[in-house]
Amino acid sequence: MKDAVIGGVAISANVCETIAGLAVHDLPGVVCVGRPSNSFWNFFGMSAPHPAIYATSKDNKSLIISVHITVAYGVSVKDLVYKIREVVSSAVYIQSGLCVSAVNVYIDGVEYAN
């Protein structure tokens, strides 16, 4: 995504991706943000081949954000996805001023409690 410009201030896609990641990270039911295999790449100090969160610009003032997560077993996926969409849209708008037109949530794994 090209940097969005609002009132003469350029906002990088990485900023919006970070905001979204922090918003999702602590939600109950989210085991990890990203694919479970991302920890393999992080162990070696490399970035994963597919980003956990990716922002694309629909136009210069709205975003489409894709979020990959692993969920805890037993969590209502429908309720969790609704909450993720709400939290991401709100956090990105409040902190950057950019509207989020869509939040695509990908459930890449389910983790059982030990």
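This is a predicted model: local features need pLDDT of at least 70, side-chain atom pairs count only at pLDDT 80 or more; totals for chains, interfaces and linings use all residues.
Residues are numbered from 1 along each chain as its sequence is written, and side-chain values use heavy atoms, with hydrogens and water left out.

Let's start inside. The largest nonpolar core has 27 residues; such a core is a set of buried Ala, Val, Leu, Ile, Met, Phe, Trp, Tyr and Cys residues joined through side-chain atoms within 4.5 Å, where buried means under 20% relative accessible area, exposed over 50%, and partly exposed in between (1.4 Å probe, protein chains only). Ile-65, Ile-69, Ile-84, Val-88 and Val-92 touch the most other members. Helix 1, strand 4 (53-57), strand 5 (62-72), helix 3 and strand 6 (99-111) each supply at least two residues of this core, and helix 3 gives the most, with seven. Helices (H or I, at least four residues) and strands (E, at least two) are DSSP runs, numbered from the N terminus.

Helix 3 (residues 77-96) also holds both Lys-83 and Glu-86, three residues apart, about one turn of the helix. Their side chains meet in a salt bridge at 3.5 Å, N to O; the term asks for a side-chain nitrogen of Lys or Arg within 4 Å of a carboxyl oxygen of Asp or Glu. The structure holds one salt bridge. Lys-83 counts as partly exposed because its relative accessibility is 37%.
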